[in-house]
Amino acid sequence: MDRIAERTTLQVKRQQAKKFIEKELNGLGDGERLAPIRNLIDRSGLSRRMIEQAIDYYKDQNLLEVNPRSGIFRSMLAEPERREVKIIGCGEINYLGINNGFMSRIVELLYLNASRRNISAKLHRVKFNESIQAYENLAKDRNVYAYILLSPHMAGIHEVFAASGRPTITLFPIFPMTRGVRIVDSPDMMQMQLEYLFAQGHRKIAYMESVEGEVNDYSAQFRKLEYYRVMAENGCRVQPNWVGNGGFQESSVNRTLDKIINSAEAPTALICNDWLLSFVYRFLESRGLRIGRDISVMGTDGLEMTWRITPRPTTVLTSRRLAVSKTWDILERMAAGKAVEEINYTRLRLLQGETTAAPLP
């Protein structure tokens, strides 16, 4: 293993250890004891060194206290009372139930940041088919410090909570909001992905989105329109079957990929969401296509679920940590009566893996 690969492996393991201890923390009350280190090692599959480094990290964050005789404990709060924030999972169609998915990870980070700020955070899920009345009922609680809305799917939801007079912020709306403080996907995602593939010599690039059939996802529509725009501006012709919806099931991914690969002119590269990559890998390998050689594959969002798959994917990371940290900073400013920007974009970073290369001659 070369030094770069070794450093990358260590970084991945450190992040895995931090995330594992973070989940353990989220399940503890103030003053409760963490499981013994041997138990943590056995359940995580990580080394003692990695687990101890993660514990030291959260100790430095004042979230853990180490007593050499009695064990490791979640720190007690310095204040007797906590401010309460309601996290509202809007239009829920189980996007919060996807293990290591984008929004489930956002919720984990919201909890962790709330603990650091001495804030109590509670998640409330509202089903997709429920009316605005369900949101109005949640907004009646006058003891709430602030509201965080996750992916609202219709107009009026943000206004319901903002009308309460409490600081309200929306994260990743899936309809085009025209007012209200929100954090949204960077508009540069698709352009960054395509320009990277153009630089490698690709011109035949397919795009597979992932949208639930009944959801009108504005951000997904925007990415698709950006795909067509950037391809056209670079003189790249798009075959009719190069764009399709893989949904969330392996069977629908396979049907979409079958149409893409069997187009009159096969693409040399594919852009898709990270959570579909394991399905994509299996399909391409079943067709005898070598990923990163016969066809390049580029992911979207840099989800942790891709860290363990082989080959390591090239993807564009949407920094969820920075988005969540910014969320709390904005709420604090709003609570203090300070001005904030209405539209706040996420930060992107290219993660170069082993799934992209120049097209074969």
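## The mixed sheet

In this predicted model, an open sheet of six strands has the order 9-8-10-11-12-14, and its pairing is mixed. Strands (E, at least two residues) and helices (H or I, at least four residues) are DSSP runs, numbered from the N terminus. Two strands count as paired if DSSP finds at least two bridges between them. Strand 9 (243-245) and strand 14 (348-351) stand at the edges with a single partner strand each, so one side of each has no neighbour in the sheet. Neighbouring strands of this sheet are turned by 20 degrees against each other on average, direction ignored.

The model is predicted, so local features need pLDDT of at least 70 and side-chain atom pairs count only at pLDDT 80 or more, while totals for chains, interfaces and linings use all residues. Residues are numbered from 1 along each chain as its sequence is written, and side-chain values use heavy atoms, with hydrogens and water left out.

## Strand 10 and its partners

Strand 10 (residues 269-272) and strand 11 (residues 296-301) run parallel and are joined by three bridges. Across this pairing, Ala269 stands opposite Ser296, and Ile271 stands opposite Met298. Strand 10 also pairs with strand 8, in the parallel sense, over four bridges. Here Leu270 is the bridge partner of Ala206.

Which residues of strand 10 point one way, and which the other way? Ala269 and Ile271 point one way, Leu270 and Cys272 the other way, and all are buried. Buried means under 20% relative accessible area, exposed means over 50%, and partly exposed lies in between (1.4 Å probe, protein chains only).

Helix 10 (residues 277-286) lies across strand 8 (205-209), strand 10 and strand 11, and runs at about 170 degrees to strand 11. Axes are lines fitted to C-alpha atoms, for helices over the stretch in contact, and angles run from 0 to 180 degrees between N-to-C directions.

The axes of helix 9 (residues 250-261) and helix 10 come within 10 Å and cross at roughly 50 degrees. That makes helix 9 oblique to helix 10; angles under 35 degrees count as roughly parallel, over 145 as roughly antiparallel, 65 to 115 as roughly perpendicular and the rest as oblique. The crossing of helix 9 and helix 10 is right-handed, a term used if the near helix is turned clockwise from the far one by less than a right angle, with anticlockwise giving left-handed. Helix 9 makes the contact through Glu250, Val253, Asn254, Leu257, Asp258 and Ile261, and helix 10 through Phe279, Val280, Arg282, Phe283 and Leu284. The residues of this contact divide into seven nonpolar, one polar and three charged. Nonpolar covers Ala, Val, Leu, Ile, Met, Phe, Trp, Tyr, Cys and Pro, charged covers Asp, Glu, Lys and Arg, and the others, Gly among them, are polar.

Another open sheet of six strands has the order 4-3-5-6-7-13, with parallel pairing. Its edge strands, strand 4 (119-127) and strand 13 (343-345), each pair on one side only. The twist from one strand to the next averages 20 degrees. Five bridges join strand 3 to strand 5 (residues 146-150), and Lys86 stands opposite Tyr147 in strand 5.

Helix 4 (residues 102-116) lies across strand 3, strand 4, strand 5 and strand 6 (168-171), at about 155 degrees to strand 4. Helix 11 (residues 320-335) lies across strands 3, 4, 5, 6, 7 (182-184) and 13, at about 160 degrees to strand 6.

Gly91 is in strand 3 (residues 83-92) and counts as buried because its relative accessibility is 6%. Leaving aside neighbours within four places in sequence, Gly91 is in contact (heavy atoms within 4.5 Å) with Val126, Lys127, Phe128, Tyr135 and His153. The C-alpha atoms of Gly91 and Ser131 are separated by 9.6 Å, and the two residues are 40 residues apart along the chain.

His158 is in helix 6 (residues 157-162), and its relative accessibility of 6% makes His158 buried. Not counting residues up to four places away in sequence, His158 touches Leu149, Thr168, Ile169, Thr170, Met177, Gly180 and Val181. Arg182 belongs to strand 7 and is buried at 5% relative accessibility. With residues up to four places away in sequence not counted, Arg182 touches Ile169, Thr170, Met177, Glu342, Ile343 and Asn344.
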